[in-house]
Amino acid sequence: MAILGEHKGAVEHPRRVAVIGAGYVGIPTALLLSHFGHQVVLAERDDYRRTTMQDGRSPIIEEDLEELLRSVLETQRLRIIGDAAEAVVNAEFVFLCVNTPMGIDGHADLSFIDAACAQIKDHLMPGAVVINKSTVPVGTTIRVAAAIGRSDVAVVSNPEFLREGTAVRDSFGPDRTVVGGDDQEVAATVGGLFALTGAPLVVTDAATAELIKYAANTFLTTKLSFINAMSQLCDALGANAVDLVRGIGHDPRIGFSFLNPGPGWGGPCLPKDSHALVAIAETVGEQIPLISAAIETNHRQQRHIVQRVRELAGGSLEGARIAVLGLTFKANTGDRRDSPALVITKLLREAGAEIAAYDPTVPVDATDDDVQGLNLCASVLDAARDARVLLILTEWNEFRELDFDVLGGVMEQRTVFDGRNILDLDIARSADFVAWGIGRS
Ligand code: UDX
């Protein structure tokens with residue numbers, strides 16, 4: 001990993017840092033800071049996560065993470081322990097990286113934040129800075145400060161913008177570092193911990209920093225829902241969504257990134273954060289119909305795909321076997337939280353279809369609730385056997401070059417729906433497949 005060589009132990013003034021929570025945000029944060037030369041204690045309650053990491057293995061599927069973890073463990077600058085209170089005792093900086101799942105009415109559930117505050121408040125050093133990295137509603141910095149209740153401890157917000165699947169790369173090369181707090185000097189000091197990334201530092205007040213995270217994520221959902229709506233229109237008008245993207249993306253005001261139409265946006269962040277922003281606006285008597293429309297467009301996209309698959313299946317899904325390729329919310333992650341693939345398989349099953357699913361990260365004997373009722377397969381070929389439609393829902397690399405002659409030989413009929421626009425449909429067609437994609441038929 002090239003990144004490792006570039007920054008090895010380079011920081012001039014190592015600081016003592018605690019990170020609470022070894023999840024998708026906490027792990028990269030702890031590894032990045034210890035890699036830069038800071039002394040880091042990572043606190044994680046979950047025995048499996050903690051012991052796995054202590055053994056030099058990553059508890060999550062994430063590119064480059066294990067290599068980075070091993071290299072950092074060797075430096076002895078990272079300690080992984082169970083008790084948050086013990087982790088903060090000598091820490092100058094304490095990052096809260098706990099989960100904030102979607103709670104009632106779309107509001108983020110802050111119970112893990114509250115619990116962390118209760119655990120650490122009496123153990124923080126005078127002068128310590130508590131930094132909220134979890135995605136939290138506007139006002140949470142004040143709530144955390146009140147929960148900690150210490151005039152000798154500062155609290156700031158430092159939203160995280162990394163993506164799953166590229167978490168290490170995004171942490172080492174962020175587009176910007178945002179830190180918000182009442183005391184701008186403290187905020188700038190926190191920003192300094194990340195100076196080696198070379199990213200511009202944006203210092204704001206706490207409320208603005210908190211809102212920036214929601215603004216960034218909901219902007220992305222709006223962009224995706226826009227292009228998904230265009231792809232629906234392409235289907236209705238006989239236009240081609242891939243060419244449409246090429247036709248608008250060259251305009252730098254629009255750009256190509258985050259412009260691929262697909263099965264709708266999912267994952268642990270975008271759905272949760274867009275609902276949360278709508279809920280936040282309501283609490284101050286505001287409405288953001290644009291975001292509500294983006295959410296509705298996302299649901300509509302999933303229903304639209306089910307309708308397209310129904311057409312490919314011959315007009316009815318009753319008793320049709322559908323081979324679903326991909327269950328995670330995107331490729332290069334094992335995460336299925338709010339996965340569009342699972343929403344679509346549920347809708348297909350409600351319409352009477354039988355699902356044979358293959359995902360490289362889901363073993364055939366998986367018993368998790370979200371895959372109940374699916375016939376889990378060990379390969380693309382197994383899933384395709386006797387299937388009426390082959391349906392790609394996650395853009396795993398191994399789905400990009402399918403052998404359509406072989407697949408056609410085992411399927412009930414030769415039809416494929418590419419829900420990620422990763423196929424050259426002409427290749428499938430040359431093997432006598434009826435092949436459609438998102439906004440392409
Ligand atoms: C997102 C934000 O990108 C990140 O900045 C924030 O910190 C956390 O939330 P992540 O949840 O890892 O990151 O997923 P992301 O890569 O943004 O993808 C979100 C969803 O949009 C996925 O379902 C993905 O498949 C979909 N997507 C993305 C598309 O359908 N088309 C695209 O062009 C890009």
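**Entry 1: β7 and β8**

I began with strand β7 (residues 177–180) and strand β8 (residues 201–204), which pair in the parallel sense over four bridges; for pairing I required that DSSP find at least two bridges between the strands. Strands here are DSSP runs of E with at least two residues, helices are runs of H or I with at least four residues, and both are numbered from the N terminus. Valine 179 has valine 203 in β8 as its bridge partner. I then followed the chain and noted that β7, helix α9 (residues 184–192) and β8 make a right-handed β-α-β unit, where right-handed means that, with the strands pointing away from the viewer, the path from the first strand over the helix to the second runs clockwise.

Before going further I wrote down that this is a predicted model, in which local features need pLDDT of at least 70 and side-chain atom pairs count only at pLDDT 80 or more, while totals for chains, interfaces and linings use all residues. Residues are numbered from 1 along each chain as its sequence is written, and side-chain values use heavy atoms, with hydrogens and water left out.

**Entry 2: the six-stranded sheet**

I next traced an open sheet of six strands, whose order is β11-β10-β9-β12-β13-β14 and whose pairing is parallel. β11 (375–376) and β14 (434–437) stand at its edges; each has a single partner strand, so one side of each is left without a neighbour in the sheet. At the β11 end, strand β10 (residues 354–358) pairs with β11 in the parallel sense over two bridges, and alanine 356 stands opposite asparagine 375 in β11.

Helix α14 (residues 340–350) lies across β9, β10 and β12, running at about 155 degrees to β10. For these angles, axes are lines fitted to C-alpha atoms, for helices over the stretch in contact, and the angle between N-to-C directions runs from 0 to 180 degrees.

**Entry 3: β13 and its neighbours**

I turned to β13, which pairs with β12 in the parallel sense over three bridges; leucine 390 stands opposite valine 416 in β13.

Which residues cover the two faces of β13? I found Thr415 and Phe417 on one side and Val416 and Asp418 on the other, all of them buried; buried means under 20% relative accessible area, exposed over 50%, and partly exposed in between, with a 1.4 Å probe and protein chains only.

**Entry 4: aspartate 418**

Aspartate 418, in strand β13, has 0% relative accessibility and therefore counts as buried. A polar atom of its side chain lies 2.7 Å from the backbone nitrogen of isoleucine 422, and the side chain of aspartate 418 makes a polar contact with the side chain of arginine 440 at 3.2 Å. A polar contact is a pair of N or O atoms within 3.5 Å; within protein, one must be able to donate a hydrogen and the other to accept it, and residues adjacent in sequence count only if both atoms are side-chain atoms. Leaving aside residues up to four places away in sequence, I listed the residues that aspartate 418 touches, among them Ile392, Leu425 and Trp436.

**Entry 5: the ligand**

Which of the 20 residues around the ligand come nearest? They are Phe161, Leu162, Glu164, Lys330 and Arg420, where a residue counts as near if one of its heavy atoms lies within 4 Å. A polar backbone atom of phenylalanine 161 is 2.7 Å from an oxygen atom of the ligand, and a backbone N or O atom of phenylalanine 329 lies 3.1 Å from a ligand oxygen atom. For glutamate 160, I noted 3.4 Å between a polar backbone atom and an oxygen atom of the ligand.

How values were computed. Contact means heavy atoms within 4.5 Å.
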